[in-house]
Structure formats: structure tokens, C-alpha cells
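Here is a short report on one protein model. It looks at pockets, then a helix, then a single residue.

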Amino acid sequence: MKKIETIIKPFKLDDVREALSDMGITGMTVTEVKGFGRQKGHTELYRGAEYVVDFLPKIKLEIIIDDSHVEQCIDVITQAARTGKIGDGKIFVTNVEKIVRIRTGDLDKDAI
């Protein structure tokens with residue numbers, strides 16, 4: 001099993017969620033986060049004063065899937081989240097050693 005963590009632009013959330021749903025992904029965790037990479041933030045004007053916005057608003061998706069669906073999931077997220085501009089985001093894939101569904105005690109694939 002793998003955990004896919006994805007950082008995307010906030011306005012792309014619905015597109016990505018729909019694309020993952022079409023793929024058969026039924027569960028995910030979504031968090032509003034702030035950060036920066038190569039995009040490095042930007043400057044804004046507020047009441048005549050210029051200030052730097054170092055951390056940009058982003059959305060973090062966390063999905064646990066079977067190993068056999070990882071590449072398809074990456075492709076679906078990439079296509080749905082891409083704008084072609086800087087700051088489109090990143091995808092991180094890590095191993096998941098164990099999953100336990102608290103309510104039933106189901107383990108691993110049965111708990112997804």
C-alpha cells in the first residue's frame with residue numbers, strides 16, 4: 001500500500017477530486033496548508049503599503065491506495081491539477097506499513 005500526498009492550487013481541488021472519484025478513489029483527506037517552493041511567494045499592496053507574502057495558500061490531499069493503482073493515480077492527479085504555470089504543486093509517494101480501521105479492527109487492504 002502507498003500513501004500519496006499531493007500539494008495543489010486551491011482552485012484545482014474540485015477537478016482533482018472528480019478525476020480521482022472517476023478512477024474509483026472513494027476516500028481522501030484534504031487540508032488547507034500554506035507553503036512555497038520555487039514560486040517563493042509574491043508582494044501585495046495593502047492600504048498603500050507593500051508587503052511580502054512568503055507562504056502561499058495550497059491544498060494538501062492524502063490518499064492511501066493499493067500499489068497496483070499508484071501510477072494511474074499519479075497520472076490522474078497530474079492531468080487534473082496541471083495549469084502549466086509555476087506553483088502547480090508536487091506529488092509524494094511513500095510506503096504504508098499498516099492500516100487499522102478503528103471501528104471494526106479491519107487491517108491493511110480491508111481497512112482502506
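## Second largest pocket

This is a predicted model. The lining of the second largest pocket splits into 5 nonpolar, 5 polar and 5 charged residues. Its volume is about 310 Å³. Of its 15 lining residues, Gly37, Arg38, Gly87, Gly89 and Lys90 are the closest to the centre. Strands β2 (29–35) and β6 each supply at least two residues of this lining.

## Largest pocket

The largest pocket has a volume of about 400 Å³. It is lined by 18 residues, and the closest to its centre are Gly27, Ile63, Ile64, Ile65 and Ile112. The lining comprises 9 nonpolar, 6 polar and 3 charged residues. β5 gives the most to this lining, with 4 residues.

## Helix α2

Helix α2 covers residues 70–81. At 1.5 Å a residue, its 12 residues should span 16 Å, and its end C-alpha atoms are 16 Å apart, so the two values agree.

Which residues of α2 are buried? They are Val70, Cys73, Val76, Ile77, Ala80 and Ala81. They cover an arc of only 130° around the axis, so they lie on the same side of α2. Glu71 and Gln79 are exposed on the other side. The buried residues pack against β1 (2–8), α1 (13–23), β5 (56–65) and β6.

## Val96

Val96 sits in the segment after β6 (89–95). Its relative accessibility is 17%, so Val96 counts as buried; the cut-off is under 20%.

Val96 touches Met1, Lys2, Lys3 and Ile64, leaving aside residues up to four places away in sequence. Val96 and Met1 are 95 residues apart in sequence, yet their C-alpha atoms are 5.4 Å apart in space.

Definitions and conventions: Residues are numbered from 1 along each chain as its sequence is written. This is a predicted model: local features need pLDDT of at least 70, side-chain atom pairs count only at pLDDT 80 or more; totals for chains, interfaces and linings use all residues. Side-chain values use heavy atoms; hydrogens and water are left out. Buried means under 20% relative accessible area, exposed over 50%, partly exposed in between (1.4 Å probe, protein chains only). Contact means heavy atoms within 4.5 Å. The expected span of a helix is 1.5 Å times one less than its number of residues. The arc is that of the directions from the helix axis to the C-beta atoms. On a 1 Å grid over the protein atoms alone, a cavity is a set of points where a 1.4 Å probe fits but cannot get out, and a pocket is an open set with protein on both sides within 12 Å along at least five of seven lines; lining residues have an atom within 4 Å of a point. Grid points are joined across faces, edges and corners, and a volume is the space filled by probe spheres set on the points. Ala, Val, Leu, Ile, Met, Phe, Trp, Tyr, Cys and Pro count as nonpolar, Asp, Glu, Lys and Arg as charged, and the others, Gly among them, as polar.
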